[in-house]
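Dear colleague,

I am passing on the structure below, together with some notes on what was found in it. Please read the notes with the structure open beside you.

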Amino acid sequence: YKIIVYTSDNCVFCNSIKKLLKNKKLKFEEVNISKNDSLKKKMIEKTNGIMTVPQIFINSKHIGGFEELNNLENSKKLDAIINK
């Protein structure tokens with residue numbers, strides 16, 4: 001599996017997502033868009049216009065933000081997506 005998390009500085013939901021993934025012992029790549037407009041533009045293109053962070057991708061599939069990933073975890077579906 002490959003997890004990419006787009007984040008920014010001082011983002012409470014970003015920190016919560018990172019904590020959730022670390023608690024599950026899942027490796028992820030963090031892409032901080034705070035100081036890099038080209039990374040921010042790339043994220044917006046990949047999410048079809050969504051500008052908020054965090055934005056999570058698992059195996060190149062856009063999962064969404066904090067609420068979507070948290071819902072997957074709470075409904076026990078996150079493990080199934082990662083273990084595909």
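The crossing of helices α1 and α3 is left-handed, a word used when the near helix is turned anticlockwise from the far one by less than a right angle. Their axes, which are lines fitted to C-alpha atoms over the stretch in contact, come within 10 Å and cross at roughly 25°. That makes α1 roughly parallel to α3, since angles under 35 degrees count as such. The contact (heavy atoms within 4.5 Å) is made by F13, S16, I17, L20 and L21 of α1 and by F66, L69, N70 and E73 of α3.

This is a predicted model, in which local features need pLDDT of at least 70 and side-chain atom pairs count only at pLDDT 80 or more, while totals for chains, interfaces and linings use all residues. Residues are numbered from 1 along each chain as its sequence is written, and side-chain values use heavy atoms, with hydrogens and water left out.

In α3 (residues 66-74), a DSSP run of H or I with at least four residues, the buried residues are L69, L72 and E73, where buried means under 20% relative accessible area and exposed over 50% (1.4 Å probe, protein chains only). They cover an arc of only 100° around the axis, which puts them on the same side of α3; the arc is taken from the directions from the helix axis to the C-beta atoms. The face turned away from that buried side carries the exposed residues E67 and N74.

Best wishes

Key:
Helices (H or I, at least four residues) and strands (E, at least two) are DSSP runs, numbered from the N terminus. Axes are lines fitted to C-alpha atoms, for helices over the stretch in contact, and angles run from 0 to 180 degrees between N-to-C directions. Angles under 35 degrees count as roughly parallel, over 145 as roughly antiparallel, 65 to 115 as roughly perpendicular and the rest as oblique.
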